[in-house]
Amino acid sequence: MSDDAQQALRRAAALLAQARNILVLTGAGISAESGIPTFREAQTGLWAQYSPEDLATPEAFARHPERVWAWYRWRRALIARGGVNAGHRAIAALGGLTRVFVATQNVDGLHAAAGSLDIAELHGNIWRDRCSRCDTTVAHEILEPATEDIAVCRECGAMMRPDVVWFGEMLPIDALRAAESALDRADAVLVVGTSSRVYPAAALADAAIESARPVIEINPQPTGLSDTVDIRLADSASRALPALVAALDGVLTSG
Ligand code: OAD
């Protein structure tokens, strides 16, 4: 690690050591090292290969539910295969050192799988099915056998859909409110693996900066947020987060 990177890590740990409540905002980048593609990266991002209009809108589901379900089943399989990585585990470990709330745009459920306790899933959860008519939900703990059949709601008989937020849809209000109150309480914010381009989730980071809360960004690439954050750790989540948590542990045990 370069001297600059080491210094940034030390400053970030010192800053977190002062914080009683930390809000962690995460995006697809934290799961990238589990082998789960991000959305907007050139070449590898899902939206470079697939069209959101065909796969991630209520209209697409109404037109071609089988195609939409096939894509979500494929993504479930990638997530099941990838599992949690050192970045998810480090955030769970951070929760053992101080009070942490995780607001994630990811639908993969990997923060909970790694052991984080307080989580708002702003874009839903791919492991839940929700009735397209009456909103009854059914959770799947494990990958189901591959099938072309589309499950129907046991309450009303309409088609089930993945319980994720599609383009043009509202975010789950409880999750958004929980994330906003965690931001109100937070005295430091960690933004990990998100391009910070999708609203309203990205508004949480904007609000943190506007309210002069210290913000640390972890992302190997610069984002629209990078120039305005207090500390930028330009590294992958699975390297930077364990290093940051170890450094914080060092500060807390020595102080
Ligand atoms: P993006 O694909 O927009 O951004 C992923 C970010 O992760 C980029 O800034 C990458 O540089 C960064 N990144 C890549 N590898 C990383 C690594 N190993 N460690 C840390 N960072 C890494 O994904 P999101 O910002 O999550 O919404 O996208 C937000 C929303 O857009 C998604 O939730 C999804 C999508 O449309 C819905 O489906 C509703």
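Biologist: Is Asp163 buried or exposed?
Modeller: This is a predicted model. In it, Asp163 has a relative accessible area of 11%, so Asp163 counts as buried, the cut-off being under 20%.

Biologist: Which side chain does Arg130 meet in a salt bridge?
Modeller: Arg130 pairs with Asp163, and their closest N and O atoms are 2.6 Å apart. The two sit in distant parts of the chain: Arg130 is in strand S4 and Asp163 in strand S6, 33 residues apart. Both Arg130 and Asp163 are buried.

Biologist: And what about Arg128, which partner does it have?
Modeller: Arg128 also forms a salt bridge with Asp163, at 2.7 Å from N to O. This pair again links distant parts of the chain, with Asp163 in strand S6 (residues 160–164) and Arg128 in strand S4 (residues 124–131), 35 residues apart.

Biologist: New topic. What does Glu169 pair with?
Modeller: Glu169 forms a salt bridge with Arg161, with 2.8 Å between the closest N and O atoms. Glu169 is partly exposed at 24% relative accessible area, whereas Arg161 is buried at 6%.

Biologist: Which residues do shared partners join into one network?
Modeller: Arg128, Arg130, Asp135 and Asp163 are joined by salt bridges that share partners.

Biologist: How many salt bridges does the structure hold?
Modeller: The structure holds 7.

Methods
Residues numbered from 1 in each chain as written. Predicted model: local features only at pLDDT ≥ 70, side-chain atom pairs only at ≥ 80, totals over all residues. Heavy atoms only, no water. Salt bridge = Lys/Arg side-chain N within 4 Å of Asp/Glu carboxyl O. Helix = DSSP H or I, 4+ residues; strand = E, 2+ residues; numbered from the N terminus. Buried < 20%, exposed > 50% of the residue type's maximum accessible area, 1.4 Å probe, protein only.
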